[in-house]
Amino acid sequence: MTSLLAPESPFDPPPLLHTILTQPVKTLIRIVDFALSSLRVPPTPGSPPIRIVCISDTHCLQPDHIPSGDLLIHAGDLTNAGTPVEIQSQIDWLNTLDFQHKVIIAGNHDTYLDPRSRQTLTTADRNAQLDWKDLHYLQHSSVTLPFHSSHRDLRIYGAPQIPACGGHEFAFQYPRGRDAWSETVPEDTEILVTHTPPKYHLDLPAGLGCEFLLQEVRRTQPLVHVFGHVHAGRSDFLGWLRGGREVAALRRPDGFVRGVLDPFSWVGLVKVALYGMLDVVWERVWGGSGGGGDGVTIMVNASLMFNSTGRLRNPPHVVDV
């Protein structure tokens, strides 16, 4: 908490003092944005609502409790080594859970599911077959699911690709900075499931998410975006799709002196505070919705793995739509 040093891995949570000294104004922006976001009014779910239970990053483990619901979503990293045996074991466990529908995607640890990373497995594992049972596995694909209790459908799109963060055994990687997302998500998507977060959304101060995915989410504006991958980016609170002013402010340079002396960073802080308060007034006083057009997507980092501990200490997220 009080260390000045950066964490050994960018996927570990940085000490607060280190973050303040390297990103002084950005830290204030995140605090203000979080405080105002907590006052936002969630979108009104349909009547009757569809209950979505969101999990991710189980890494061969099984949590003690999964809440009941209509739809279960697993946003990738079912396993550690990504062998067919590990994947099938997780499939078999998920198949026992009582949901009308279950949707899963792969993560970078699910090696077998990417034909490229599959080549790092043994010959026997490369030629194995999986039984998906009643699970809907999405890999750059969509599915429309009917829900009997509400007489409604949900259109769900899932994609596993992530900015590169490991060796050839990691699945679905693309070089960071390459656009692997533009015009890939169907415009009628209501629930988006990816493994990587969009940049600046529950992805730690290092901004480990993908900027091109962020643009795609802003273009399509699904009701809910579920992801994982960055375990330490997990929050007990649901997030919002940030507007352009928050993103622009978080793109400013790092460094204590550079940050403090950068007038655009301070202007960004003022804009985030001012427009954020206007959004809250718009929703809570005037009865508007969606912050006047921004932030209509609920963002869910569904990682159950607590940081890099190897333990599932984070509870599942539940969202009604």
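Is K133 buried, partly exposed or exposed? In this predicted model, K133 is partly exposed, with a relative accessible area of 41%. Its salt-bridge partner is D92, with N and O 3.6 Å apart. K133 sits in the loop between helix 4 (123-126) and strand 4 (136-137), whereas D92 belongs to helix 3 (residues 84-95), so the pair ties together parts that are 41 residues apart in sequence. D92 is partly exposed as well, at 32% relative accessible area.

These residues fall in an annotated span. The UniProt record (an unreviewed entry) places the feature "domain: Calcineurin-like phosphoesterase" at residues 51-232.

The model has 15 salt bridges. Side chains of opposite charge can pair when their charged atoms come close. One of the pairs is E183 with R219, whose closest N and O atoms are 3.7 Å apart. E183 lies in the loop between strand 8 (173-174) and strand 9 (191-194), and R219 in helix 5 (residues 211-220), so this contact ties together parts that are 36 residues apart in sequence. E183 is exposed, at 60% relative accessible area. R219 is partly exposed, at 31%.

R219 also forms a salt bridge with E216, with the closest N and O atoms 2.7 Å apart. Both residues lie in helix 5, three residues apart, about one turn of the helix. E216 counts as buried because its relative accessibility is 3%, under the 20% cut-off. Shared partners join E183, E187, E216 and R219 into one salt-bridge network.

Methods: Residues numbered from 1 in each chain as written. Predicted model: local features only at pLDDT ≥ 70, side-chain atom pairs only at ≥ 80, totals over all residues. Heavy atoms only, no water. UniProt positions renumbered as here; feature names shortened; annotations may be inferred. Salt bridge = Lys/Arg side-chain N within 4 Å of Asp/Glu carboxyl O. Helix = DSSP H or I, 4+ residues; strand = E, 2+ residues; numbered from the N terminus. Buried < 20%, exposed > 50% of the residue type's maximum accessible area, 1.4 Å probe, protein only.
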